[in-house]
Amino acid sequence: MSRILPPLRAARAFEAAARLGSFVQAGRELHQSATAVSQQVKVLENWLGVDLFQRQHNFLVLTPQGEQLLPGLKVAFDTLAEATGEVRADAGQRQVRIAAFPNVALNWLVPRLDAMRQAFPDVAIDVRTITAPLPELFRRVDLAVRVYEHAPQYQFDFLFAAELFPVASPRLEGLPRRLPMSPAELLTLPLLHLSHFPEDWRIWSQAAGLQGATPRVALQFDSQAVMMAAAERGLGVALARSPFDDEAVRAGRLRVLHPVRVPCPEGWYVITPATLRHGKVSAVRDWLLAHAGPGLGVTAAA
């Protein structure tokens, strides 16, 4: 066995197990059994002559040697992913893997897929709804549609900004026939809430002129897509996000209850590795940027 470089599979198994804190989780990511991952880590420990984990009953704890090794391996695998991504793009790849959160995938990306497929008939588009930190994400995808974060190793190209506005199903009990409602009247209806944006209703209420209002939340969700499905079933009033929920309004499944719209603090971006060269991935990125407006989505989703 080489004394210059550690076994690559063993190093990859250790990095995944250390990052995820579990042989089971690492096995799922690497498509191996937990036992196989553990055995690969043991190979690396034997090669190095040190223990890398203290193996507890239900979790793993890095030894000082493991903590010393992990950052360098993360950098090495990130660099390897970027380098192979460049070669993939230059070699005329026939697949582009796109990551997006479920709400973005369902309500922004899917309406554009038919036009994208026509623009790139020789490319297989693979849409993945993966939630992971960017370095981990880009081991499995070529580009992503997400909000901005500080990560200099990636390029962020602005797509669009979203707006919040209140909507409800015509089936919602207590919804008046005549709209718009007054803000105070609107807040007496059951309100649906997105858990990772806890200030949305307070921000909208203040913009609508209700200073100091404390909106009473009826139901809470951790997914915009699930919350909007609940709104369409008449379970309450939701703060829709344009452009994601515009089609449901146009189709009449949701009604706009008040004209006030509030800009969302986050913007949406197409993200690619900063080292990306010209190729299929950059061509798809440029196509998405050129078709970020609402027009294409309206036609495709109608």
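I looked up Ser169 and its contacts (heavy atoms within 4.5 Å). Not counting residues up to four places away in sequence, Ser169 touches Leu175, Ala231, Glu232, Gly234, Arg253 and Leu254. I noted that this is a predicted model, where local features need pLDDT of at least 70 and side-chain atom pairs count only at pLDDT 80 or more, while totals for chains, interfaces and linings use all residues. Residues are numbered from 1 along each chain as its sequence is written, and side-chain values use heavy atoms, with hydrogens and water left out.

I placed Ser169 in the loop between strand E6 (154–168) and helix H7 (183–186); helices (H or I, at least four residues) and strands (E, at least two) are DSSP runs, numbered from the N terminus. Is Ser169 buried or exposed? It counts as buried, at 1% relative accessibility. Buried means under 20% relative accessible area, exposed over 50%, and partly exposed in between (1.4 Å probe, protein chains only).

Next I checked Ala132, in the loop between strand E4 (124–128) and helix H6 (134–137). Ala132 is buried, with a relative accessible area of 9%. Leaving aside neighbours within four places in sequence, Ala132 is in contact with Leu137, Arg140 and Arg146. I also looked up the C-alpha atoms of Ala132 and Ala99: these residues are 33 apart along the chain, and the atoms are separated by 9.9 Å.

Last, I turned to helices H5 (residues 102–119) and H11 (residues 280–290), whose axes (lines fitted to C-alpha atoms over the stretch in contact) come within 11 Å and cross at roughly 125°. Angles run from 0 to 180 degrees between N-to-C directions.
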